[in-house]
Amino acid sequence: MYHTHEMVYIQDVKHYENGGTWTGSRGRLRFRCSPAKNEEGKTSGVLVEIWFSNLCYELSEIAETRIFDLTDEGIEQAEHWLEEKADTINN
């Protein structure tokens with residue numbers, strides 16, 4: 001069992017607007033955040049993908065994905081969702 005009380009942190013809106021990605025973990029939860037593009041190719045959200053293995057992103061089976069709005073509130077929602085997922089998988 002993993003004992004972790006740290007908060008999940010992901011980058012701010014500007015990071016994704018500029019095409020950046022972000023990876024992290026909390027206990028057994030692994031995650032990757034990247035820009036979600038709309039039909040015109042513009043960044044319209046943050047794509048969050050999670051997996052539970054010790055393998056890197058490219059070699060892992062993605063367990064779940066979600067897209068959040070590219071706003072401060074969307075970033076907070078993504079962090080909260082990741083924290084809930086981490087709490088579930090690590091208990």
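Visitor: Which residue's side chain meets Arg 26 in a salt bridge?
Guide: This is a predicted model. Arg 26 lies in strand β1, and its partner lies in helix α2, so the pair ties together parts that are 61 residues apart in sequence. The N to O distance is 2.4 Å. The partner is Asp 87.

Visitor: Is Arg 26 buried or exposed?
Guide: Buried means under 20% relative accessible area. Arg 26 has 6%. Arg 26, by contrast, is buried.

Visitor: How many salt bridges does the structure hold?
Guide: One of them joins Arg 26 and Asp 87. Another joins Arg 32 and Glu 49, at 3.7 Å, N to O. Lys 85 and Glu 64 also meet, at 2.9 Å. The structure's count is four.

Visitor: Which strands does the salt bridge of Arg 32 and Glu 49 tie together?
Guide: The side chains of Arg 32 and Glu 49 meet in a salt bridge. Arg 32 and Glu 49 lie in two strands, so the pair ties together parts that are 17 residues apart in sequence. Glu 49 is buried, at 9% relative accessibility. The strands are β2 and β3.

Visitor: Where does Glu 64 lie?
Guide: The side chain of Glu 64 meets that of Lys 85 in a salt bridge. Lys 85 lies in helix α2, so the pair ties together parts that are 21 residues apart in sequence. Glu 64 is partly exposed at 31%, and Lys 85 is partly exposed at 24%. Glu 64 lies in strand β4.

Visitor: How many bridges join β2 to strand β3?
Guide: The two strands run antiparallel. Pro 35 stands opposite Val 46 in β3. β2 and β3 form a hairpin with five residues between them, and Gly 41 in the turn has a positive phi of about 85°. The number of bridges is eight.

Visitor: Which helix gives the largest share of the negative patch?
Guide: The patch is formed by Asp 12, Asp 69, Asp 72, Glu 73 and Glu 76. Asp 12 lies in the segment before α1. Three residues come from the helix that spans residues 72-90. That helix is α2.

Note on methods: Residues are numbered from 1 along each chain as its sequence is written. This is a predicted model: local features need pLDDT of at least 70, side-chain atom pairs count only at pLDDT 80 or more; totals for chains, interfaces and linings use all residues. Side-chain values use heavy atoms; hydrogens and water are left out. Two strands pair if DSSP finds at least two bridges between them. Helices (H or I, at least four residues) and strands (E, at least two) are DSSP runs, numbered from the N terminus. Patches are made of residues with over 30% relative accessible area and no salt bridge: like charges are joined within 9 Å, nonpolar side chains (Val, Leu, Ile, Met, Phe, Trp, Tyr) within 5 Å. Accessible areas come from the Shrake-Rupley method with a 1.4 Å probe; for residues, only the protein chains shown count as cover. Lys and Arg count as positive and Asp and Glu as negative; His and the chain ends are not counted. The place of a charge is taken as NZ of Lys, CZ of Arg, CG of Asp or CD of Glu. Buried means under 20% relative accessible area, exposed over 50%, partly exposed in between (1.4 Å probe, protein chains only).
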